Amino acid sequence: HNWLQDAYPEATENQTSLLRSAHYHAMNQRYLASMVALSTAVPVTGIADDAGSISSDLLAHAGWAAVDYRTRFGMCENDILEMVLPFWIREIFRSDLSRRTGVDMLDVSDAQIDGYFDNRKVRVQYVKDWQVRAGVQPGGATASQIYPSTVQWLIYAAGTFSRGNGMTLDLGVVRDSTLNAENDFTALWTEECHLIAMFGHQSRLYTTTICAAGRTGIANLAACGTGA
């Protein structure tokens with residue numbers, strides 16, 4: 001309403017700012033969903049999946065997935081691969097490390113966590129708007145009090161995906177005779193076109209079970225993680 005704009009312009013400004021933020025999150029969710037849809041799902045089995053430590057499991061899965069990917073496409077051993085993870089995995093990683101025995105892991109920095117992946121020639125991108133706001137995932141209508149049971153992640157060679165920036169239409173404030181007669185106006189109206197193109201050979205989607213028990217080892221593993 002015009003009267004609201006006259007009396008509380010900061011309220012209108014705050015609302016339009018929140019709407020722009022919501023638009024950004026919605027578009028980011030669409031970008032990630034497109035990348036997931038274009039990826040090949042690969043089940044994780046055997047590779048330390050029963051270790052009871054997400055930090056150990058995820059690093060083992062990522063390291064071997066990287067070796068397999070590079071070998072499949074004839075890449076160099078030191079070629080860096082891109083890995084996409086939801087941003088919240090760092091906190092679960094930290095929690096798991098803090099429970100490991102025999103080591104002081106109560107103060108683990110983001111740089112330390114990233115370094116574990118860097119040593120495996122994998123560069124992690126931590127993203128928002130993926131695996132959130134559903135079930136026990138963070139951001140839901142009900143406060144999350146337990147960790148999700150699994151985490152999905154992507155791995156691919158740099159340059160596999162590209163985002164095309166199409167038309168972005170922002171009309172800003174819109175007034176016309178009909179709105180003016182009702183003492184109304186449109187403060188924000190936007191439209192956006194986008195494209196996620198896959199140029200590379202393959203992107204792979206993995207799912208790793210989450211257990212943050214911090215187990216440091218089992219004397220007799222039931223599964224060795226090897227083939228026949």
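Contact here means heavy atoms within 4.5 Å. Helices (H or I, at least four residues) and strands (E, at least two) are DSSP runs, numbered from the N terminus. The structure is a predicted model, in which local features need pLDDT of at least 70, side-chain atom pairs count only at pLDDT 80 or more, and totals for chains, interfaces and linings use all residues. Residues are numbered from 1 along each chain as its sequence is written, and side-chain values use heavy atoms, with hydrogens and water left out.

Helix α4 meets α5 through R90, F93, R94 and L97, which touch D110, I113, D114, Y116 and F117. Five residues of this contact are nonpolar, none polar and four charged (Ala, Val, Leu, Ile, Met, Phe, Trp, Tyr, Cys and Pro count as nonpolar, Asp, Glu, Lys and Arg as charged, and the others, Gly among them, as polar). The axes of α4 and α5 (residues 110-118) come within 11 Å and cross at roughly 90 degrees. Axes are lines fitted to C-alpha atoms, for helices over the stretch in contact, and angles run from 0 to 180 degrees between N-to-C directions. The two helices, α4 and α5, are therefore roughly perpendicular (65 to 115 degrees; under 35 is roughly parallel, over 145 roughly antiparallel and the rest oblique).

Helix α3 (residues 54-72) also packs against α4 (residues 89-98), at about 120 degrees and with axes 8 Å apart. That makes α3 oblique to α4. Here I54, S55, S56, L58 and L59 of α3 meet I89, I92, F93, D96 and L97 of α4. This contact of α3 with α4 has seven nonpolar residues, two polar and one charged.

Salt bridges (a side-chain nitrogen of Lys or Arg within 4 Å of a carboxyl oxygen of Asp or Glu) number seven. One joins R204 to D68, with the closest N and O atoms 2.6 Å apart. R204 lies in strand β7 (residues 203-209) and D68 in helix α3, 136 residues apart, linking distant parts of the chain.

The largest pocket holds about 290 Å³ of space. A pocket is an open set of points on a 1 Å grid over the protein atoms alone, where a 1.4 Å probe fits, with protein on both sides within 12 Å along at least five of seven lines; lining residues have an atom within 4 Å of a point. Grid points are joined across faces, edges and corners, and the volume is the space filled by probe spheres set on them. Of 16 lining residues, M35, Q125, Y156, F161 and R163 are the closest to the pocket's centre. Helix α2 gives the most to the lining, four residues. The lining comprises nine nonpolar, four polar and three charged residues.
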